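Please look over the sequence and the structure before reading on.

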Amino acid sequence: MLLELKQIGKTFGGIKALSDVNFSLDRGQILGLIGPNGAGKTTIFNMITGIFPPTIGSIVFDGTNLLQLPPHKITELGIARTFQNIRLFGHMSALENIKVGMHTVTKSGYWASLLHLPGQKKEEAHVQERSMKLLEFVGLKDVADIRSDTLAYGQQRRLEIARALATNPKLLLLDEPAAGMIESETHELMNLIRKIRDNGTTVLLVEHDMPLVMTLCDRVVCINFGVKIAEGSPEEIQNHPDVIEAYLGKE
Ligand code: ATP
């Protein structure tokens, strides 16, 4: 088991955002996390990545309890994420965005890299090579030197994923990666997520695009009003009366 959430609860002031949420993820799986707006999906991502801790419960990743760890330590342990709204460094090129992601985990670190320390040249060459490989992996090699805020929407989304992959994660959290995409972009995204999993990275996916979720995911967890209402295979979830009632609706 790679990740386990046990009896997670979260309150914001008087608002109970999550209560008694339990689920786990095996290595090599793609797990879908679905539910209506405000159900608590992004809150789960924020707790896994150390933005804020749960009010109650525990999160164990690869044998380490994540509670009390700051986001950069959690990144070093092997968890990376993307956000619901694109958060690239818009004034930087596609390649530079990847390099920033990579410098968070290289030995000398991003800020040290600006100081030209001994051994820096060798590391820079390695970072350059790996960054170009990652751009190729997500199909953006040809736009390496283009300012990221001028890229097409689908390209920006894929660049965000590549920047997250630059940290070499064991677990990748994707927050609504298909939001706003046209059909061809969604199709490319699905192929990319499959490739990421086939390369050994486990994926936790929050998404409202149900055909994508049901095609890609090995298992699906559905939450509603901060409570897990169902967990199972895509078929089980699609036919689950509580999920249909709360989220999927009837044809
Ligand atoms: P969506 O699909 O719309 O992104 P979601 O399932 O990701 O929704 P969350 O963003 O996790 O839902 O929100 C769950 C609940 O927690 C909501 O009632 C939201 O208003 C509340 N909430 C989330 N983050 C905070 C915060 N930092 N402070 C206060 N309330 C918050």
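## Salt bridges

R27, D62 and K170 are joined in a network of salt bridges. The model is a predicted one, and the structure contains 11 salt bridges. Side chains of opposite charge can pair when their charged atoms come close.

R158 and E188 form one of these salt bridges, with the closest N and O atoms 3.0 Å apart. This pair links distant parts of the chain: R158 lies in helix α6 and E188 in helix α7 (residues 183–198), 30 residues apart. R158 counts as buried because its relative accessible area is 12%, under the 20% limit. E188 is partly exposed, with a relative accessible area of 40%.

## Other charged pairs

D149 makes a salt bridge with R147, and the closest N and O atoms are 2.8 Å apart. D149 has a relative accessible area of 38% and is partly exposed. R147 is likewise partly exposed, at 42% relative accessibility.

R197 forms a salt bridge with D198, where the closest N and O atoms are 3.3 Å apart. D198 counts as exposed because its relative accessibility is 58%, over the 50% limit.

## Surroundings of Q156

Q156 belongs to helix α6 (residues 153–165). With a relative accessible area of 14%, Q156 is buried. A polar atom of the Q156 side chain lies 3.0 Å from the backbone oxygen of L151.

Which residues does Q156 contact, leaving aside its neighbours within four places in sequence? They are I86, L88, S148, D149, T150 and L151. D149, in this list, is also the salt-bridge partner of R147.

## Positive phi in loops

Q68 has a phi near 80°, a positive value in a residue other than glycine. The residue sits in the loop between β5 (64–65) and α2 (71–77). Is Q68 buried or exposed? At 72% relative accessibility, Q68 is exposed.

E176 also has a positive phi, near 50°, and is a residue other than glycine. E176 is placed in the loop between β7 (171–175) and α7. Its relative accessibility is 11%, so E176 counts as buried.

Notes
Residues are numbered from 1 along each chain as its sequence is written. This is a predicted model: local features need pLDDT of at least 70, side-chain atom pairs count only at pLDDT 80 or more; totals for chains, interfaces and linings use all residues. Side-chain values use heavy atoms; hydrogens and water are left out. Helices (H or I, at least four residues) and strands (E, at least two) are DSSP runs, numbered from the N terminus. Buried means under 20% relative accessible area, exposed over 50%, partly exposed in between (1.4 Å probe, protein chains only). A polar contact is a pair of N or O atoms within 3.5 Å; within protein, one must be able to donate a hydrogen and the other to accept it, and residues adjacent in sequence count only if both atoms are side-chain atoms. Contact means heavy atoms within 4.5 Å. A salt bridge is a side-chain nitrogen of Lys or Arg within 4 Å of a carboxyl oxygen of Asp or Glu.
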